[in-house]
2 protein chains.
Amino acid sequence: MSIENDLFKLKPIAYTTMADQVENHLREYIIKRSIKPGDPIPKETEIAQSLGVSRNVVREALSRLRMLGMIESRKKRGMILTQPDVMKGLELIIHPTILDEHVRKQLFELRLVLEVGLGDLLFRRKSDEYLKKLDAIVEREQKATTQIERIRCEVDFHATLYDMAGNETLKRFQDILMPVFEYVVEYESKLDHTSVGSVTHADLVKILYADNAEAYPNAMRKHLMPHLDHL
Amino acid sequence: MSIENDLFKLKPIAYTTMADQVENHLREYIIKRSIKPGDPIPKETEIAQSLGVSRNVVREALSRLRMLGMIESRKKRGMILTQPDVMKGLELIIHPTILDEHVRKQLFELRLVLEVGLGDLLFRRKSDEYLKKLDAIVEREQKATTQIERIRCEVDFHATLYDMAGNETLKRFQDILMPVFEYVVEYESKLDHTSVGSVTHADLVKILYADNAEAYPNAMRKHLMPHLDHL
DNA sequence: TTAGCGGAATATGTAATACTTAATGTGAGT
DNA sequence: ACTCACATTAAGTATTACATATTCCGCTAA
């Protein structure tokens with residue numbers, strides 16, 4: 001019985017339900033008519049009649065779009081298109097425990113790539129306020145006595161970098177990915193997360209103060225080297 | 001009746017439908033019981049009865065999870081949990097014409113960050129096969145006579161870099177983002193996309209051949225400088 | 001005995017109907 | 001002209017019924 005599972009793997013040929021088709025129709029409708037956020041979309045009953053399906057099926061499709069934040073609906077006003085949160089879809093899927101190790105590793109790699117490439121946004125958007133915040137975190141880290149406190153500083157430091165990058169979509173991306181990383185750490189043979197690599201947080205801050213955009217990427221690479229070596 | 005007034009203040013914010021609640025229940029159920037891909041989940045009627053809602057509502061919630069690739073269902077076998085495609089949710093939302101300019105710009109920034117930070121993956125995963133492919137693209141680009149052909153080479157070159165990075169999630173991410181970039185180009189006062197920056201594609205390939213990981217980030221930064229300057 | 005044929009049982013997919021709820025519109029009466 | 005009650009509308013929920021595909025089981029026949 002255990003062999004059967006493998007052999008029957010190729011079977012699931014694409015089977016589209018009515019709800020799938022209605023969903024596609026709606027997407028097409030929105031795009032083709034270039035409907036903008038705030039604009040109304042047809043009533044459930046109209047859609048159902050127009051496509052020749054039951055209202056039930058239409059509601060399934062609409063329910064999907066509503067989950068993604070693409071539409072909103074009020075009791076009598078009908079439904080309107082909304083500006084979706086781009087990262088909403090990611091948020092709905094990414095949960096550490098349902099992602100397998102392989103994918104978690106790939107997301108962790110993605111994070112390393114982001115941190116190294118972040119420099120140019122930082123130098124263009126940096127402000128005294130954020131630099132001082134980074135200073136404070138570094139100081140807090142140096143005075144820290146417990147491992148937990150040091151890890152918290154590590155997280156705060158990098159999170160502040162993303163804040164300073166001034167890109168909300170990127171920040172949100174990072175926030176969603178963060179919980180996954182905690183699980184990756186397990187595989188990373190218990191590195192000392194506080195004093196990673198030869199470049200410290202203090203060194204990175206110094207580079208940011210100095211406006212040294214050339215130095216940033218390789219400094220961050222060295223800072224993350226233990227992780228990179230683990231790839 | 002002054003109490004009612006107080007109650008009415010919080011009400012309009014928190015309006016969740018039954019389908020929303022069932023969806024959350026299901027997510028919780030999956031996580032708490034640490035159900036793995038391939039494991040079965042309860043029948044629609046069981047869920048409906050267990051939560052005291054109509055089967056219809058349950059189907060809306062299940063329909064959402066199915067769209068995200070979190071579950072699959074066969075006619076009699078019931079439904080099973082599946083390993084979702086992490087980037088599926090993004091794909092469902094990201095369509096250039098429904099995203100506003102602001103978000104498109106942020107995604108374009110994200111792309112620049114990725115390209116600069118990509119180096120370490122490339123050096124660890126590079127192969128003669130891919131390097132030769134890059135060579136061919138560079139050669140094709142130099143022989144190109146039309147602007148269209150040059151832009152195609154530009155796209156091919158960077159796409160091949162992502163291929164070579166050997167991270168399918170990252171590659172998929174890039175593939176989803178790509179269509180958005182074409183719209184960003186509009187704002188970018190018609191740069192000459194083929195000979196961007198002072199560092200050419202040929203230069204980048206040379207660095208890859210030379211195993212010069214230190215040089216990569218700043219070389220790519222210079223290559224993308226016209227875009228970066230536009231931030 | 002065994003192969004295979006056919007029907008029962010099961011769970012999802014679809015349809016139809018009715019009712020609830022909230023928001024909007026409308027008209028009658030003071 | 002204003003208010004209040006009632007009608008109207010459209011989404012949310014429930015119920016029922018049937019279609020369809022798949023598995024299971026048992027029966028018959030070679």
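Visitor: How many residues does the contact take from chain A and from chain B?
Guide: The model is a predicted one, and contact here means heavy atoms within 4.5 Å. The same surface serves both copies, since 97% of the contact residues of chain A recur in chain B. The contact takes 62 residues from chain A and 61 residues from chain B.

Visitor: What rotation superposes chain A on chain B, and what relation is that?
Guide: Two copies of a chain are related by a rotation about an axis and a shift along it. For chain A and chain B the rotation is 180 degrees, with 0.0 Å of shift along its axis and an RMSD of 0.1 Å. That is the relation of a two-fold axis.

Visitor: What area is buried between chain A and chain B, and what share of it do carbon and sulfur atoms give?
Guide: The area buried between the two chains is about 5,600 Å². Of this area, the part given by carbon and sulfur atoms is 58%.

Visitor: How many residue pairs are in polar contact across the interface of chain A and chain B?
Guide: A polar contact requires a pair of N or O atoms within 3.5 Å. Both residues must also be at pLDDT 80 or more, and on that basis the number of pairs across the interface of chain A and chain B is 29.

Visitor: Which helix of chain A gives the most residues to the side that touches chain B?
Guide: Several helices of chain A each supply at least two residues of this side, including α2 (18–32), α4 (55–67), α10 (168–187) and α12 (215–223). Another of them is the helix at residues 101–117. With nine residues, the helix that gives the most is α6(A).

Visitor: How do the residues of the side of chain A that touches chain B divide into nonpolar, polar and charged?
Guide: Gly is counted among the polar residues in this division. The residues of the side of chain A that touches chain B divide into 31 nonpolar, 12 polar and 19 charged.

Visitor: How many salt bridges are counted between chain A and chain B?
Guide: A search of the whole structure finds 47 salt bridges over all chains. One salt bridge pairs B:Arg59 with A:Glu60, with the closest N and O atoms 3.0 Å apart. Between chain A and chain B the count is 10.

Visitor: Which helices of chain A hold the salt-bridge partners A:Asp20 and A:Arg64?
Guide: The side chains of A:Asp20 and A:Arg64 meet in a salt bridge at 2.8 Å, N to O. The pair links distant parts of the chain, 44 residues apart. A:Asp20 lies in helix α2 and A:Arg64 in helix α4.

Visitor: Why is one side of β1 and of β2 in chain A left without a neighbour in the sheet?
Guide: Chain A has an open sheet of three strands in the order β1-β3-β2, with antiparallel pairing. β1 (40–41) and β2 (71–74) therefore each have a single partner strand, because both stand at the edges.

Visitor: Which residue of β3(A) is the bridge partner of A:Ile41?
Guide: β1(A) is joined to strand β3 (residues 78–81) of chain A by two bridges, and the strands run antiparallel. A:Pro40 stands opposite A:Ile80 in β3(A). For A:Ile41 the bridge partner is A:Met79.

Visitor: Which residue of β3(A) stands opposite A:Arg74?
Guide: β2(A) and β3(A) pair in the antiparallel sense over four bridges, and a hairpin joins these strands through three residues. A:Ser73 stands opposite A:Met79. Opposite A:Arg74 stands A:Gly78.

Visitor: What is the strand order of the sheet in chain B, and which are its edge strands?
Guide: In chain B three strands form an open sheet with antiparallel pairing, in the order β1-β3-β2. Two strands of chain B pair on one side only, and these edge strands are β1 (40–41) and β2 (71–74).

Visitor: How many residues does the hairpin between β2(B) and β3(B) pass through?
Guide: β2(B) pairs with strand β3 (residues 78–81) of chain B over four bridges in the antiparallel sense. Within β3(B), B:Gly78 stands opposite B:Arg74. The hairpin joins β2(B) to β3(B) through three residues.

Conventions. Residues numbered from 1 in each chain as written. Chains lettered and ligands numbered in written order. Predicted model: local features only at pLDDT ≥ 70, side-chain atom pairs only at ≥ 80, totals over all residues. Heavy atoms only, no water. Pairing = 2+ DSSP bridges. Least-squares fit on C-alpha atoms with pLDDT ≥ 70 in both. Buried area = accessible area lost by both parts, 1.4 Å probe. Salt bridge = Lys/Arg side-chain N within 4 Å of Asp/Glu carboxyl O. Polar contact = N/O pair within 3.5 Å; in protein donor to acceptor, adjacent residues only side chain to side chain.
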